[in-house]
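Please look over the model shown here before reading on.

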Amino acid sequence: MIKIRPVAAPSLLRFIKLEQVCTRPCHHAVAPNEYTDVPKYPPIVDMSRRAKKKRLKTAWHDKITKLPTVEQKLMELNLPKYYGYWSGHLIDVCPKLLGLNFIQYATRTHVVNGLPEEYYSDVKNEAERLTTAVTDKVEHLIHLNYNCPLSRRSFGPGRASERHSTQNFLLGLHRLMASTVDSTVQHIKESVVDMQPRVEAFWILGGLPPDEMLRKTRKNYEPSKELENDLIDRTMQGVSTPRLGVRVTDGLPEVVSRDDPLATSAFVPDNKLDPRAFGFRFQHKPATTVTGFWPGEKKEHSQLWLHSREFITKFVEEYGEHNTDVALHHMMIISSFTQALAHAAYLGFGPVTELTYPLVQQSAITDGQRWNFSVYQLNTCTLHSDLATNNPHNNILWLGEEQVLFENGVKGLNAEVLTALISMYLKKGIERDNPTPHLGSYKHLADHPASEEYREMFQSHLHDLFSGRGRHFMKPEMYLWEKIYKKDFNTRFFEARRRFFENHYKQKDPGQRRLDEYSPIYIPKAKRKDRRVKYKPMLDSEELYKYH
Amino acid sequence: MRVTELRFAQNIGSHFKALWLIQGKKRVSDTGAAAILRAKGVPVVHPQEVLSPAYDRPFEKVDLLPRLEPVKELEEKQTLCHVFTNKFSPVMGVSQVQLITNSVVRSGLPETVLERAVENTAEEDEKVKEAILHAYLLDSKQIKLTRVLDVINRPGWIYKREYGIPVARRHKTLTYQLLLLLDHLVPGAAERQLVEDTITTANFNHSDRLIQTKHRAAFILSSPNPLPQLLDNEEVKSLEEETMPDIYPLSPFINCRAIGNYSLEDSYGVGSGHLHPHTIFIHHNQSRMPHSEEHFNGMTLLYAFSHAAAYAKQIAKIENGNLEKPVVVQVVHMHKQHFHMGVFQLNTLNLTGLSKNIFWTQPWEPLFGKCCFQAAKPVLEGYNPKVFSLLKGLHAQC
């Protein structure tokens, strides 16, 4: 091997064939032996477009997983889209007639008819004993709410009055239940009750077919021609609207183990259609995940959610009595999944971070008279890319039959309903070791080591994002006349190209604008700490705010 | 480049249509011909008297958007009535309301309440603080709040529009959570029933006028047993000698104009013969309070009176306006962090007679000083444990 040292005349080097390795400059430490016995090849990386895109995605997911606080993870999820994600809104009280299979696919839920009896076997005896103690009081409550004339303010037209009367009944019922189980368990005494909490969750759903526009774009662009029919991810926004939520310190224990066949290989329907085919609407919205409270509450886990069923009346009026189950299943699946996923997000898991233990949600839906109970076990929350279909786990919903608590006018309660409800109250949560493996020791922004000013700005930025307030300047749109006269049939070729869809030197796609792409905020001289620091630092998910 | 003329062609169609609309409405102008002919003796007849349409063309009235609920418009009555609603603000404060309700006021809650108002344990205080933090700060509901204006310190400054927890929601969440905590501390509290968002209406004759109270309560806590009488009949008799405040030249109905469209139906929130009022929770939900502590305290008395009187009119036996068995009602009036508590005994519905009603109260207490995020940390400062202990005292009465 000829070793050539780079000497005085640099022009010489141009004419010398430098096939071999040059010696290192003297001031670097030289490895004693540059050769190893076994060759250490660098990994062979798949350089196809598909693989490159997948690597970028995985890198982003890893970045989110490594962030130490809940708020930082939520902000990083929002960073790629300044104007929010165009997500499919799955609202629990807006069922679609043919959407049930899609809902099961979107939340990867397997539905089991009937509640899991073994889950409540340890509390059943106590529940039966307490039922006899509480029957009279429940009768008085029912008599007050459904037989006595209550003078209440008008709640407007439609089903609002039914919703409010159900809520009044549930408020009284919870008071009764809380005082009854007080003698037996401690956790209800310490619980906190949310009235009409705001529960929303964001997730990414894979395995969906590309729409016509995307297929055309891919076909017309050389590098992505082969990806024309590749399945895509769509973002989903779930909304749950319970009347009452009971929160406790410890999360409920699992119903079945995460490795049980019911949780790994149960039947979940497949889907080959765009969500819009079923009637679900897409809207621009930031990735919002809230679970009824901001991070910082001590009671983080839910014991029970109580819903009202007045929306089923409207659905049944339009589509018939035989479709009651469709509305019910739709509500319980979306509601429970949203609640469970929102809780998972607050524990450090999320749409790109897989769970390490299952989360269980108990719910009941009622109008005072008719009751349906359900238990939901969340085993997986990552449903992006091929995890929508090739997921080692699936979620499970146990939905009980409709039970009637009391008949109109006839005295005598159905004690089974009360027993089932009391069992749900009595079920005690368990403490897990390592409940938040993907969060730092400080978990929430409140204890983050960054400066106070940055923490305050970051939190208010996140709250602003979740508030749903409109921006001053909306997302730029292509007007119809522009589509006709500039895009489809370009009759205005002489005009200067200034718009976002026209090719020019500073063309920017508004859909690709990131949350941290904004002009730096100016600090007036009077408010500066350092005379020379004219601008506030820019949003950054790892360091909260950073000067670039 | 060819120069083309500016045409504003987009307006042509609408211009054309507008002309048709305008010129289509023919107005028949009087040419004076009919008058001249009549003067010459020629009979002139209006064309519609001779001509008639070839066939009947009935126009079908179609209700395109059916009304969901028929809007009941109250007819104007001859006798005017002073209607006191939640938005009424007594100009002279408690004195004015004393004259309206014929009540006597005692400063300080009754002994029976104060002796049950024990000190809080550390555990109870922690739970109340948690309830406050959740209701006022950590609830994730985000609704557009009313504008913030500081006309005195920063006139003209436009504050950032906040999205957060509305005042009504804060009050509701806190009250319900506090009620749950109180239920654990008092045995037999499970027997009591709670009704949310009630309207209570009652009509009375006061001097020569008709008055009506129409009040919304956030919660009415009712109990199967009525609250015991605090003053026995002799003590009630002795109240007759007490003097009422004089607010001359103002009338007791100042700031409440008499109106003609009212309805004379009485209603009490909880229309059950087996339940008697225990505590009324009133939430003042206007974010900017138009009145001071004096007015706020006056309203508490009025709320107590209206609920006690509406209940009495439905259930109790009344002779010449005096109640055989006086009705006792407790009231808790809230606004943001201020709690004003009172106990009211209704002895008579005769608002101009000698017999008087009695109201025990004390100045309002703030529950806390400041509750906000400081550097993303939830912070509660100036917590006052007295409020919860007084609530315990009120809740323990049976």
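Predicted model: local features only at pLDDT ≥ 70, side-chain atom pairs only at ≥ 80, totals over all residues.

The numbered points that follow take up the interface, then the nonpolar cores, then some backbone details.

1. On the side of chain B, Gln142(B), Tyr176(B) and His184(B) provide 14% of the area buried against chain A, which is more than any other three residues supply.

2. Polar and charged pairings also cross between the chains, where the count is 6 salt bridges and where 32 residue pairs are found in polar contact, both residues being at pLDDT 80 or more. In one salt bridge the side chain of Lys377(B) meets that of Asp447(A), at 3.8 Å from N to O.

3. In soluble globular proteins, nonpolar side chains tend to be buried together. Here the largest nonpolar core has 120 residues, and those with the most contacts inside it are Trp371(A), Leu174(B) and Phe339(B). Leaving aside neighbours within four places in sequence, Phe339(B) is in contact with a set of residues including Leu174(B), Leu178(B), Trp364(B) and Leu391(B). A second, separate core of 46 residues includes Val199(A), Leu341(A), Ala344(A) and Leu359(A).

4. Most residues other than glycine have a negative phi, and most peptide bonds are trans. With that in mind, which residues are joined by a cis peptide bond? The bond links Tyr248(B) and Pro249(B), with omega at about 10°, and Pro249(B) lies in the loop between helix H8 (233-238) and strand E7 (258-259) of chain B.

5. Two residues with a positive phi deserve a look. Asn255(B), which is not a glycine, has a positive phi of about 75°; Asn255(B) lies in the loop between H8 and E7 of chain B and is partly exposed, with a relative accessible area of 48%. Leu544(A), also not a glycine, has a positive phi of about 65°; Leu544(A) lies in strand E15 (residues 544-546) of chain A and is buried, with a relative accessible area of 0%.

Technical notes. Residues numbered from 1 in each chain as written. Chains lettered and ligands numbered in written order. Heavy atoms only, no water. Buried area = accessible area lost by both parts, 1.4 Å probe. Salt bridge = Lys/Arg side-chain N within 4 Å of Asp/Glu carboxyl O. Polar contact = N/O pair within 3.5 Å; in protein donor to acceptor, adjacent residues only side chain to side chain. Core = buried A, V, L, I, M, F, W, Y, C linked by side-chain atoms within 4.5 Å. Buried < 20%, exposed > 50% of the residue type's maximum accessible area, 1.4 Å probe, protein only. Contact = heavy atoms within 4.5 Å. Helix = DSSP H or I, 4+ residues; strand = E, 2+ residues; numbered from the N terminus.
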